[in-house]
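I am opening a notebook on a structure that is new to me, and I will write down each thing as I look it up.

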Amino acid sequence: MRDDRQNADPLEIAAHRARAFLASLPGRPIAPAADAPALRARLATALPDGPSAPAAVIAELAEALEPGLLASAAPRFFGWVIGGTLPAAIAADWLTSAWDQNGAAYALSPAAAVAEEVAGAWLKEIFGLPAEASFALVSGCQMAHVTALAAARHHLLAARGIDVERTGLHEAPRFRILLAETRHESLLRAIRLLGFGLDSITLLRCSEAGSLEPAALAEALAEDGRPSILCLQAGELNTGAFDPFIPAIALARAAGAWVHVDGAFGLWAGASGRFRPLLAGVEGADSWACDGHKWLNLPQDCGFAFTAHPASHRAAFAQTTGYALLAEDTRRALDWNPEWSRRARAFVVLAALRSLGRRGLAGLVEQSCTACARLATGIAALPGAALVAAPIINQALVRFRDPAGRDDDARTEAVAAAVREEGEAWFGTALWRGRRVMRISVVNWRTDLVQAERAVAAVARALARLDRGAAREPG
Ligand SMILES: Cc1ncc(COP(=O)(O)O)c(C=O)c1O
């Protein structure tokens, strides 16, 4: 075996192990088998002095790492909005690594540059965004927020005669940033990184479902002279709620505010005619952020930023130093991105979109939403369970009553933990409106009604186990 590994092709070993892992996903326990001490025992060896054969390294590393993998790509994983990976996307990702193209500019990879142009155009078409919108392929929605809000910072300050790229924020007025009370935390980090500061945030009241109330918005947007950014949501993390784009954008326009949309997963709903109406008016915003590694089922990490103001977007990122990158008439990715050297992310985007096609993408979105609805009703019908938020798209919330009348939050946490422990399915919990809930997020291409039924049965077994355990508890 050792000798084989000395001479074997590491790519063959990687392909073999990857195929075995992917084939195991529908049946393997979702929770990792090893904890941190067990993984350290396997991995924290002394730094090797000398080289090892690549094939042996890959075989040994895979053996050491696999017990610590969370099978988040499995069809009954409903934890964070993570998704799996489409077969074509995985294959394209392997090629992307093998080709090792630097996506910074056309001179570094004509293939990456042109693939990125096409990816940008296709994505705008899917999301219904203006064809002339600028875009960037970044690591995820977090960096998409940073990219879009850097464009906003330039735009709003240039309108006040301030060149923020030159002077920084030293001559700038304080910003006012309006966020839903249910906003995703990644927006807060973007606000910190861009120097606006958390004190610039005003949190806005939301409806029971988690979308903005236009009345609260109108009040908050009252003119106060500050450069203002309003962040809307297409798909609230817990309930999947959509903000009312048409009235909210009209109010923001009247107040001169920049409107940014966090559509990390919800923008993909636009691919389905059934859900498209939820996005009515979203195209009127100034910028949008979305993820490829969520509902498009791309491998980590791929996100997208778009802006309706290409000049401001480019001004925030363009490099005008005399770095020799050859004269080009194509889009220089590095002028639109926070990174310089960059993985050629467009290859996986094109692979996924070509493999699904328009109809396949709509089908994926609708299948996830149907599975989420089945999970929500199936779990809510179990003893002591209640539906807290019915799915609008692919997200739902449930909660469990403690039969002994003790703490329902603890019961909800215990049910989710018991499901995870069994390994058949995986749910996380969240705090929603001050109460602990179990969150159901469905974005995996493998999750259909059969998988949903299996997960409902897993929750039923967890409840029965908890009740049996309670019945055995002394006095
Ligand atoms: C609504 C929303 N916004 C932003 C993010 C952050 O995305 P990423 O992890 O790709 O940076 C997430 C991730 O779950 C999200 O659900």
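The entries below go from the domains to the core, then to one residue and the ligand.

I note at the outset that this is a predicted model, in which local features need pLDDT of at least 70, side-chain atom pairs count only at pLDDT 80 or more, and totals for chains, interfaces and linings use all residues. Residues are numbered from 1 along each chain as its sequence is written.

I looked up the domains and found the protein chain divided into domain 1 (2-71) and domain 2 (90-352), with bounds that come from an automatic or database domain assignment. The centres of the two, taken over C-alpha atoms, are 36 Å apart.

I turned next to the largest nonpolar core, which has 145 residues; such a core is a set of buried Ala, Val, Leu, Ile, Met, Phe, Trp, Tyr and Cys residues joined through C-beta atoms within 7 Å. Helix α13 (residues 346-380) gives the largest share of this core, 18 residues, a helix being a DSSP run of H or I with at least four residues.

Is A234 buried or exposed? I found A234 buried, because 28 other C-beta atoms lie within 10 Å, where buried asks for 20 or more such atoms, exposed for 12 or fewer, and partly exposed falls in between, with C-beta atoms placed from the backbone. A234 lies in the loop between β4 (228-233) and α11 (245-254), strands being DSSP runs of E with at least two residues.

Last, I looked at the ligand and noted 14 residues around it, of which G140, C141, Q142, H184 and A264 come nearest; a residue is near if its C-beta atom, placed from the backbone, lies within 6 Å.
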